[in-house]
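These are my notebook entries on a single chain. I record what I looked up, entry by entry, with the cut-offs used.

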Amino acid sequence: MENFQLHILGAGSAIPTKQFNQPSQLLSLREKVFMIDCGEGTQNQIRRFGVGLSRLNHIFISHLHGDHCFGLIGLLSTLDMQGRTADLYIHSHEELKGLLLPLLSFFCKGMTYKVHFEPFNPKEHAVIYDDKSLLVETIPLKHKIQTSGFLFKEKTKLRSDQKRKSFFVYFDNMVVPPQ
């Protein structure tokens, strides 16, 4: 993958510790930044790694356990306070929209940017993002609740001696079910 960088902001347990932060990863690819999950403490880890969020336009939430999404409202509020104007897309299970909208309307009145919810069915394998250079697919996983992993596939014209590259993100002792 061209200009590929992955920051593991957190991949620890549901309970924060001094050594481990809750799940969140930032994937930088071709001048774009994608976030996978947003646990508590994500903003502090972003500052620690010195990653800018001006190119973050898509957040993917794997499942609705709190350790994967409790940092989201704080991040959205911070982006608003920083004067963000670009739309932000949240790819998640349908239920997240119902949870976040009341919080956004209470804590983030008059936001400087729009948040778009892009629901997907965690039981189905589907393409949920597609642009000229990247494709993102969901992969249903076995976990305590409905969960999806995300497969990021590079879309480039390849020479005959090259192979297409892809990156799969999943954490939390989840397993890919047999096909």
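**Entry 1: strand pairing.** I looked up the bridge partner of glutamine 25 and found isoleucine 36, in strand 3. Strand 2 (residues 24-29) and strand 3 (residues 32-36) pair in the antiparallel sense, over five bridges. For pairing I required at least two DSSP bridges between two strands. Helices (H or I, at least four residues) and strands (E, at least two) are DSSP runs, numbered from the N terminus.

I note that the model is predicted: local features need pLDDT of at least 70, side-chain atom pairs count only at pLDDT 80 or more, and totals for chains, interfaces and linings use all residues. Residues are numbered from 1 along each chain as its sequence is written, and side-chain values use heavy atoms, with hydrogens and water left out.

Entry 2: I traced an open sheet of six strands in the order 1-2-3-4-5-6, with mixed pairing. Strand 1 (4-10) and strand 6 (115-119) stand at the edges; each has a single partner strand, so one side of each lacks a neighbour in the sheet. Neighbouring strands of this sheet are turned by 20 degrees against each other on average, direction ignored.

**Entry 3: helices on the sheet.** I found helix 1 (residues 42-49) lying across strand 1, strand 2 and strand 3, at about 135 degrees to strand 1. Helix 2 (residues 72-81) packs on the sheet and touches strand 3, strand 4 (56-60) and strand 5 (88-92); its direction makes about 170 degrees with that of strand 5. Axes are lines fitted to C-alpha atoms, for helices over the stretch in contact, and angles run from 0 to 180 degrees between N-to-C directions. Contact means heavy atoms within 4.5 Å.

I then checked how far helix 2 is covered: seven of its ten residues are buried. Buried means under 20% relative accessible area, exposed over 50%, and partly exposed in between (1.4 Å probe, protein chains only). Among the buried residues are Leu72, Leu75, Leu76 and Leu79. Their cover includes strand 3, helix 1, strand 4, strand 5 and helix 3 (95-107).

**Entry 4: cysteines.** I counted zero disulfides, taking a disulfide as a pair of cysteine sulfur atoms within 2.5 Å. Cysteine 38 is buried at 0% relative accessibility, and cysteine 69 is buried at 13%.

**Entry 5: histidine 58.** I located histidine 58 in strand 4, where this residue is buried at 12% relative accessibility. The side chains of histidine 58 and histidine 91 are joined by a polar contact of 2.8 Å. A polar contact is a pair of N or O atoms within 3.5 Å; within protein, one must be able to donate a hydrogen and the other to accept it, and residues adjacent in sequence count only if both atoms are side-chain atoms. Leaving aside neighbours within four places in sequence, the contacts of histidine 58 include Phe34, Leu88 and Tyr129.

**Entry 6: aromatic pairs.** I searched the whole structure and found seven aromatic pairs. Rings of Phe, Tyr and Trp (its six-membered ring) pair if their centres lie within 6.5 Å; planes under 30 degrees apart count as stacked, over 60 as edge-to-face and the rest as tilted. Phenylalanine 34 and tyrosine 129 form an edge-to-face pair, 5.4 Å centre to centre with 75 degrees between the planes. This pair links strand 3 to strand 7 (residues 126-130), 95 residues apart. Phenylalanine 34 is buried at 1% relative accessibility, and tyrosine 129 is buried at 12%.
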